[in-house]
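Please read this note with the sequence and the coordinates side by side. The points below are numbered so that each can be checked separately.

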Amino acid sequence: MANDTAPSITRINPPELGSPPGYSQIVDVSAGRIIFIAGQTALDRDGNVVGKADFAAQATQVFDNLTIALQASGCTAANLIKLTVFLTNMNNLARYREARNRFFGSVTPPAAPAVTLVEVSKLYGPDFMIEIEAIAAA
């Protein structure tokens with residue numbers, strides 16, 4: 001479902017809102033398609049949890065799953081305009097940022113979507129430590 005016209009994605013960080021680390025305060029989009037990606041967790045293709053009790057492994061799997069979802073829509077990380085990130089423990093923030101930076105560093109120029117990140121008491125499965133839902137433009 002590729003689109004012949006590339007979306008116009010402008011990332012804006014007004015100085016009055018500060019300089020965010022690895023994301024954008026505002027993403028202005030003009031696109032032919034908007035793609036909504038359901039929350040991705042650390043499940044492999046067979047439905048098994050990857051990295052039980054290992055946040056770094058789970059974060060890597062979540063971003064791998066996000067890559068698969070984007071590719072299925074004819075997109076890459078560069079098309080992402082919004083992420084909502086759920087962590088069960090904010091102490092994992094640095095490890096999340098490492099995985100996020102590797103993921104977004106895979107495209108040129110590196111993407112920086114708008115991001116909301118929250119700590120939650122639990123996710124739908126007891127072993128999950130991270131879940132990310134996404135919106136892309138194409």
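1. A salt bridge is taken here as a side-chain nitrogen of Lys or Arg within 4 Å of a carboxyl oxygen of Asp or Glu, and by this rule the count comes to one. The partners are Lys52 and Asp127, whose closest N and O atoms are 3.7 Å apart. The pair links distant parts of the chain, 75 residues apart, with Lys52 in the loop between β3 (34-40) and α1 (55-72) and Asp127 in the loop between β5 (114-119) and β6 (130-137). Helices (H or I, at least four residues) and strands (E, at least two) are DSSP runs, numbered from the N terminus.

2. Please keep in mind that this is a predicted model, in which local features need pLDDT of at least 70 and side-chain atom pairs count only at pLDDT 80 or more, while totals for chains, interfaces and linings use all residues. Residues are numbered from 1 along each chain as its sequence is written, and side-chain values use heavy atoms, with hydrogens and water left out.

3. For accessibility, buried means under 20% relative accessible area, exposed over 50%, and partly exposed in between (1.4 Å probe, protein chains only). On this scale Lys52 is exposed, at 59%, whereas Asp127 is partly exposed, at 29%.

4. Ala53 also lies in the loop between β3 and α1, and its phi is near 70°, a positive value in a residue other than glycine. Most residues other than glycine have a negative phi. Ala53 is exposed, with a relative accessibility of 71%.

5. Two buried residues deserve a look. Cys75, in the loop between α1 and β4 (80-87), has a relative accessible area of 4% and is buried; its C-alpha atom is 9.2 Å from that of Ile35, although 40 residues separate the two in sequence. Ala99, in helix α2 (residues 93-104), is likewise buried, with a relative accessible area of 4%, and its C-alpha atom is separated by 27 Å from that of Arg33, 66 residues apart along the chain.

6. The largest pocket holds about 200 Å³ of space. Of the 15 residues that line this pocket, the closest to its centre are Ala6, Pro7, Ile9, Ala78 and Asn79. A pocket is, on a 1 Å grid over the protein atoms alone, an open set of points where a 1.4 Å probe fits, with protein on both sides within 12 Å along at least five of seven lines, and lining residues have an atom within 4 Å of a point. The lining divides into eight nonpolar, five polar and two charged residues, where Ala, Val, Leu, Ile, Met, Phe, Trp, Tyr, Cys and Pro count as nonpolar, Asp, Glu, Lys and Arg as charged, and the others, Gly among them, as polar.

Key
Points joined across faces, edges and corners; volume = space filled by probe spheres on them.
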